[in-house]
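Please check each point against the display as you go.

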Amino acid sequence: MVKSELKAEPPSTSAGNRSLPADSSTSAAPTSKKPSPVLSLLPPGAVILSFFLIWYLVCRLHMVAEYNLPSPYTVWVAGLDEIKAGHLANDIVASLFRVAIAFTISTVFGVPAGLALGQNAAARTAFVPMLNFFRFISPLAWIPFAILWFHIGDKPAVFLIFMATFFPITLATMAAVANIPSIYFRVARDYNYTGIDLLTKVTFPAVMPQIITSLRVAFGIAWVVIVAAEMVGCQDGLGYGIWDARNGLRLDIAVCYMVVIGSLGMIFDRLLAQLSKLPSVRWGYER
Amino acid sequence: MSVNQSTSRLEVEDVSHAYGAVSVIEHLNLVVGEGEFLVLVGPSGCGKTTLLSLLSGHITPSSGAVTRSGVIRTVYQHDGLFPWLTVTENIEMGLRSIVDPSERRMELGELLDLIHLGSFADHYPHQLSGGMRQRVELARALAGDSDILLMDEPFSALDYQTRLRMRRELVRLLDKRPRTVVFVTHDIEEAAQLADRVLVLSQRPATVCRQLIIDAPRPRDLTNPDVIEATEAILEELGLSGDGGLDDESLIATG
């Protein structure tokens with residue numbers, strides 16, 4: 001009796017349909033419904049625009065004295081002057097150069113150091129307290145030594161930015177490596193990954209998403225530190241520009257430099273964020 | 001298919017294993033035959049996974065000896081694929097021993113066809129469904145020179161119907177590429193549908209409390225009389241048939 005009923009069922013419910021990928025209907029390939037790029041720029045654009053509007057109104061209605069807060073217009077004029085005089089471009093290049101050098105040194109030493117420490121629990125126990133100790137010393141505290149050891153020019157600024165970024169990169173990489181799920185290493189063993197293969201084809205790609213995130217964070221720190229770093233021993237740079245403007249009581253120029261620093265920081269963060277769109281690291285951001 | 005089938009060998013001799021003071025396995029003896037499909041069932045926490053780790057060599061037993069030869073690969077419940085590699089690249093992991101690139105390409109194409117995922121070759125694991133991921137894992141484990149597959153509840157993270165399909169899929173794949181299989185599961189139906197031999201393990205410390213040989217040909221339907229008979233036998237052994245398992249003692253025991 002049971003058998004005849006079973007046969008009456010439509011064939012599609014049987015488990016034997018294997019001509020197609022068995023579960024293609026439930027398959028992924030996430031269909032994201034993002035709004036169009038123009039539309040998604042609207043809210044942040046509106047916020048920034050209202051910020052400038054409020055700034056303008058505060059100055060226009062003389063709610064704050066001109067010598068306490070330069071108006072958007074005077075900043076704009078000062079900016080144009082700086083561009084015409086060639087200062088701004090020169091300062092941008094100088095700052096970017098220093099950050100690029102320091103950031104590269106931090107990455108080149110920090111990531112391998114993190115990889116090494118992450119794989120060795122004993123080394124971790126030994127080094128982590130020291131690394132944390134240095135991490136919590138503000139780079140500003142190193143200014144006297146930066147001058148003493150590196151005198152003037154690019155070197156003291158590079159040193160200060162390095163001190164600010166090396167420790168976070170190292171520690172983040174280390175933590176990421178230490179937390180790689182053990183299953184990856186068991187699989188790697190089954191498939192004969194050893195030595196340098198294991199490092200470059202398993203360990204490194206497994207922490208790549210976190211490394212990218214840590215580089216973004218470190219770049220943010222580097223860019224913040226540039227102002228302080230260029231107040232010593234430098235004759236150019238965005239940080240020096242602010243310092244110089246302050247000494248000349250030119251707040252309009254100082255604000256102009258602040259706008260440039262903020263904008264460039266944002267742009268470079270967006271660029272670094274593009275790294276996280278690499279197909280081989282997407283998995284790290286989609287779980 | 002596999003050239004060196006004859007070299008595969010898996011033997012457990014008087015093995016005991018303990019984590020600290022907790023004895024997980026005691027005096028276990030086991031010989032896995034060439035090309036055999038051996039299924040281990042038992043209550044959760046009885047040491048099935050530990051036994052697999054001992055077989056694969058990821059842990060060494062506290063006492064006794066495990067003899068193994070041949071290439072052994074483990075298929076895990078989930079997350080066994082490398083998420084930073086595409087389907088193709090994951091399967092290629094299993095082909096690393098093949099030196100000739102054209103041969104490797106052919107083998108890869110064959111494996112992709114075998115699991116019907118050719119159109120997903122460049123997808124990453126996180127873009128696939130659970131069932132598709134497990135099929136890629138199977139293809140990777142079957143690739144190249146593997147001899148023995150250790151399967152640690154490979155389908156238990158899947159929904160019921162996908163699980164049913166995957167069992168058929170596994171039977172089909174093994175038909176094309178015969179391997180020695182040690183398969184751990186808590187799913188009794190699964191054991192009855194797949195196994196040449198079922199070992200029912202006891203509560204911790206694990207010992208074999210029953211051996212069951214099922215010689216009906218595969219694939220076996222869930223409703224196949226042999227499967228039903230085997231299911232009943234396993235249920236009985238685990239104390240889960242009739243009104244067994246309802247007394248206080250066994251409820252406490254399975255906690």
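1. Let me start with Gly220(A), which is partly exposed because 16 other C-beta atoms lie within 10 Å (20 or more other C-beta atoms within 10 Å of its own makes a residue buried, 12 or fewer exposed, in between partly exposed, with C-beta atoms placed from the backbone). Gly220(A) sits in helix α9 of chain A. Between Gly220(A) and Asp269(A) there are 49 residues in sequence, yet their C-alpha atoms are 7.5 Å apart.

2. A word on ground rules. Residues count from 1 along each chain as its sequence is written, while chains are lettered from A and ligands numbered from 1 in the order in which they are written. The model is predicted, with local features needing pLDDT of at least 70 and side-chain atom pairs counting only at pLDDT 80 or more, whereas totals for chains, interfaces and linings use all residues.

3. What does chain A consist of? It has 11 helices and 0 strands (DSSP runs numbered from the N terminus: H or I of at least four residues for helices, E of at least two for strands). Of its 287 residues, 31% count as buried. Look at the contacts too: among those between residues at least 6 apart in sequence, 74% join residues at least 24 apart (contact means C-beta atoms, placed from the backbone, within 7 Å).

4. Now the α7–α9 pair. Helix α7 (residues 154-178) of chain A packs with helix α9 (residues 195-229) of chain A at an angle of about 155°, the axes being 8 Å apart (axes are lines fitted to C-alpha atoms, for helices over the stretch in contact; angles run from 0 to 180 degrees between N-to-C directions). That angle is why α7(A) and α9(A) are roughly antiparallel (under 35 degrees is roughly parallel, over 145 roughly antiparallel, 65 to 115 roughly perpendicular, the rest oblique). By class, the contact of α7(A) with α9(A) has 19 nonpolar, 5 polar and no charged residues (nonpolar: Ala, Val, Leu, Ile, Met, Phe, Trp, Tyr, Cys and Pro; charged: Asp, Glu, Lys and Arg; polar: the others, Gly among them).

5. Staying in α7, Phe159(A) is found in this helix of chain A. Is Phe159(A) buried or exposed? It is buried, because 23 other C-beta atoms lie within 10 Å. Leaving aside neighbours within four places in sequence, Phe159(A) is in contact with Ala146(A) and Phe150(A). Leu272(A), 113 residues from Phe159(A) in sequence, is 22 Å from it in space, C-alpha to C-alpha.

6. Helix α9 has another partner. The axes of helix α4 (residues 87-119) of chain A and α9(A) come within 10 Å and cross at roughly 145°, and α4(A) passes α9(A) in a right-handed crossing. On the α4(A) side the contact includes Val99(A), Phe103(A) and Leu115(A), and on the α9(A) side Ile211(A), Phe219(A) and Trp223(A) are among the residues. By class, the contact of α4(A) with α9(A) has 12 nonpolar, 4 polar and 1 charged residues.

7. For another geometry, see helix α3 (residues 72-85) of chain A, which packs with helix α11 (residues 251-275) of chain A at about 80°, axes 8 Å apart. α3(A) and α11(A) are therefore roughly perpendicular. Among the residues that meet are Val75(A) and Glu82(A) from α3(A), with Asp252(A) and Cys256(A) from α11(A). The class count for the contact of α3(A) with α11(A) is 6 nonpolar, 2 polar and 2 charged residues.

8. Over to chain B, where the domain assignment gives domain 1 (1-71 + 156-255) and domain 2 (77-144) (bounds come from an automatic or database assignment). Their centres, taken over C-alpha atoms, are 26 Å apart. 12 residues of domain 1 of chain B contact 9 residues of domain 2 of chain B. On the domain 1 side, that makes 5 nonpolar, 2 polar and 5 charged residues.

9. Finally, some backbone spots to check. Most residues other than glycine have a negative phi, and most peptide bonds are trans. Leu249(A), with phi near 50°, is in the loop between α10 (238-247) and α11 of chain A. Leu249(A) counts as exposed because it has 10 C-beta neighbours inside 10 Å. Asp79(B) has phi near 65° and lies in the loop between β5 (72-75) and α2 (87-93) of chain B. Arg218(B) and Pro219(B) are joined by a cis peptide bond, omega about -5°; Pro219(B) is in the loop between β9 (208-213) and α7 (225-237) of chain B.

How values were computed: Contact = placed C-beta atoms within 7 Å. Left-handed = near helix turned anticlockwise from the far one by under 90°.
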